[in-house]
Amino acid sequence: MSPSEAPSRRAFALGLAALFASACDRPPRPSGEVAFWFSYGGNNRKVLLELIERFHQEQSRVHVVATFQGDYFEGLIKLRTALFVGAAPTITHVVGEVVPYLAQAGVLQQLDGIGAESLADLEPALAQAGTFEGGENEPLVALPFNRSTPIAFYNRTLFDELGLRPPTTWDGLRDVARRGGSTGTAARWGFECPVDWWFWTALVGQAGGRIIENGKVTLGGTAGVRALELWQTMVHDDRTMRSPPGRDFNAWEATNGDFLAGRAAMIWTSTAFVRYLEEHASFSVGAAALPGDVRRAVPTGGTFFVMPKGLPESEQAAGLTFLRWMMQPKQASEWARRTGYMPVSKAGRRELEDSGFFREHPNFAVAVDQLSVAERWPWAPSLFRIQREAVQPRLEAAVAARLDARTVLAAACAQSEER
Amino acid sequence: MALVAKPPTREDYAMRRSTSDRLVTLGLALVALLWVGPYLWMVATSFKSLDELVRAPAWPIPSHFRLDAYREVFATLPVWRYTLNTLVMAALIGALQAALALPAGYALAKLTFRGRRPAFLMVMACLMIPPQVTFVPVFMMLGPLGLVNTMTALVVPFAVSAFGTFLVRQALLAVPNELIEAARLDGAGELTIIYRILGPLVRPTLAAMFLFSFVYHYSDYFWPLMMTTDDHVRTLPVAIALLREQGTGVRWHIVMAGNVVLTLPVLVLFVLAQRRILRAVTARGLS
Amino acid sequence: MSLRPTKAFHPYAMLAPTLVLLGLFSIVPLGVAFHRSFFAWDLLTPAEPVGFDNYRFLWSSGELLEVGWRTLAYSVVVVSASLTLGLALALALNREGRFYAFVRSAVFSAYVVSWVAVGLLWLWLLDPQAGLVARVTRGLGWTPVDWLGNPKVVLFTLAGVTVWKITGYAMVIFLAGLKDVPRSVLEAAALDGAGPWQRFHRIVWPLLRPTAAFVGTTSLILSFQAFDIVRVMTQGGPVRSSTIFVYAIYEQVFVNLRIGRASALTVVFFLLLVGLTGLQWRWWRNRPRAKTTL
């Protein structure tokens, strides 16, 4: 290579790279293409991608490009970033708690276009109307897909051996945790639960409280305090519950892992993990509804489909076509059957009942039955800040270091008030 | 203990047999194990199956060498696309830094003009401003321009390296003025002088700059994480880190397979170009 | 000494791309951050001016001090450990021979590998159940430490992993510094009966001190900027016990959507870095002259 040739060849290579780089810059979405961001990993991801594959086989007008964006919280970060920079996908799914916030910020598209037929078939308790207090009075911006409730899983083999039954009261929970655990070489926690906002909310409901009462953030008042103290007692006095094993999904993964490895006799987690746990456990897995205290209560969880505002009409239509298909009984029931999320379509649920699926898989039925005691979230734009900023970061410390529950929640309340 | 540099003399070889020296060698072997062991563990894990991981047998070597984890990584991630993104980004940054540092360094080192001192001070001041300080405002600036999620957002903020400019200036200070004057007398324009005459002269500096910046940006997680959400500009480190966030239970064999995919090219490059990389690093350190 | 430009505008044209880009991506952002630090803004709804509220919150909530101390603790551990270990390794490995070359490469390789890879790798090594470290610990009959789950331990675990990654850098710089130690002097000292410790203390260390100062201040500044390892390994937890500066900024922007607060943190962070750089330049004035010119 002669010296005069070298720079030009290099310039050529550089030019080529720059060309590629500019090709990377914001390709316009071809018509009929739906960009879909999702947060499912592992088995659920596989099921979802197979469903999308089938969608493509059944029709050819709409093409879904699915991109994995990390867990819920990571996905949410990405979504808000993308909303700000105007690069949001056609469809994504977000945790319920953030829907009122996004709706109030005016960044969500109304989804009535999905059609009356699809809407009429939605399971009320899982749709926007039934998930949020007054959700029916708000513009429809969120459609349910993977919805869940907290649920208890227990090591049935072990429970049978020890003659234990899943508890139905808080006292029963402490008792079962005491008797299900063991110390020594094969140490086992009687009870494990991610120290997470969601399960705390369940306990608050069971203790008779609500996060927001009469438009004021109370975090359940005494009920909130009692909920937190139950965990503290079980971790520090009873020593039957594992201290918080980490943050967000670290904690969930650790909890599942301990259960599968036989290091926890009973756990609380999401119904979404039924399949995963049944498939990977070397023992018989039982599912049970959460216990009650002054009443029985569980929050709903999982995510809703949302669409950002301001997309071209054709892209909206394409997105709705996909969502409509996903919510059809066949897909809804298949998704539920293969993951453990709840069927969001009434017809889909009937299909599962009629085919005897719930009889064969009683663990799946527990979640659906538990829906009767599901409580609604307040339609409060501040809800996600209460969750992510005020409560969630404090729970872990409060349980691990046994901070005074009243003080901790008072501080969380105070922070919830600020804008 | 031979603490200090000496040419290996006969006396040295005699000392090697002493007990303290053997202890040092043993210690160094442990050190090597401490650094190489984790890589081996990573590779071993990547060949295991999930069942084997759950059972966690004491024996660290996988019972069968399975490629399932790699298959899954390549099936779930467009690995080649991500790799291409990463390579293009790192190469563009390295090349732009070298190409822009030359004229700037030349002006600062060789030319008299009004404002030279403030210009130099500005370059030096920017040494104090790392991406960790600028990412929030840059994100806010690029967002409304539609530049977040583009290769531009990944490359342009790094197209100029304050430190690189400084290095090139230092290197050019050592070039005699007569050379440039002679070139001018021969009728060479300034661009020719910069790129055809001075460029080759400070080639080692430029190469070191390029290499350092290439390796750094190839591995960079921070900036691409902040500036992209989209698949078409996703870089390999961001994608591999996402392998862990699955929500159910971490499937470590897959994460480690991804990690091997991420690490192997760098380690190979390191073995091949170790001397140059070392020079690049020490040059950054000591010049 | 210097040349006159052939055309008056030449130097400006040559510097323009560099200065414009540095201005746009280093200096203007500082101004933007400063300006934004007086607003409450969540990216999605209009910003509201709030005066010094963001700074006041960072101070009164204790967040600033907590994060600051944590970052300092992490940095001090990282710097002192990597410096000591890097120096010891440089001294022990400053010889010819394949074995030594191999150990040098092994230690230095970690510096080249990405933080993501190192973070994931150690996350798996330190897994409380199936990780290699816990297995070895249990095999020896000890109770494994909860390296990443114990709020009192986690920061030091991260520091340890960081040391694993960057010790190679310190070692390499020290090895370069050792080249400046004249062999004749050492040999003379050895002939005079000076033991290894004396030779180190009297001859080597005084010559290496500027190098040590340089490595120390550089790694101090770099460890203040740590983020990747926190993001990959702990996300700042458990109980915020590993939330160090840059992660705290990230959390305010992307998790909490509090741009104003993040900007205020950024401003404070920048001032801290300026302070540290001032420190560095004070040390740097008596830096060793480069032997390896590029």
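Guide: In chain A, five strands make up an open sheet of mixed pairing, and their order is β2-β1-β3-β12-β5; strands here are DSSP runs of E of at least two residues, helices are runs of H or I of at least four, both numbered from the N terminus, and two strands pair if DSSP finds at least two bridges between them. At the edges lie β2 (63-68) and β5 (143-148) of chain A, each of which pairs on one side only. From one strand to the next the twist averages 25 degrees, where angles run from 0 to 180 degrees between N-to-C directions and axes are lines fitted to C-alpha atoms, for helices over the stretch in contact.

This is a predicted model, in which local features need pLDDT of at least 70 and side-chain atom pairs count only at pLDDT 80 or more, while totals for chains, interfaces and linings use all residues; pLDDT is the predictor's confidence in each residue, from 0 to 100. Residues are numbered from 1 along each chain as its sequence is written, and chains are lettered from A and ligands numbered from 1 in the order in which they are written.

Within the sheet, strand β3 (residues 91-95) of chain A and strand β12 (residues 301-306) of chain A are joined by four bridges in the antiparallel sense, and in this pair A:Val94 is found opposite A:Phe304 of β12(A). Helix α3 (residues 72-85) of chain A packs on the sheet, where it touches β1 (33-38), β3 and β12 of chain A, and its direction makes about 125 degrees with that of β3(A); a contact requires the C-beta atoms of two residues, placed from the backbone, to lie within 7 Å.

Among the contacts of chain A with a separation of 6 or more, 74% come from residues 24 or more positions apart.
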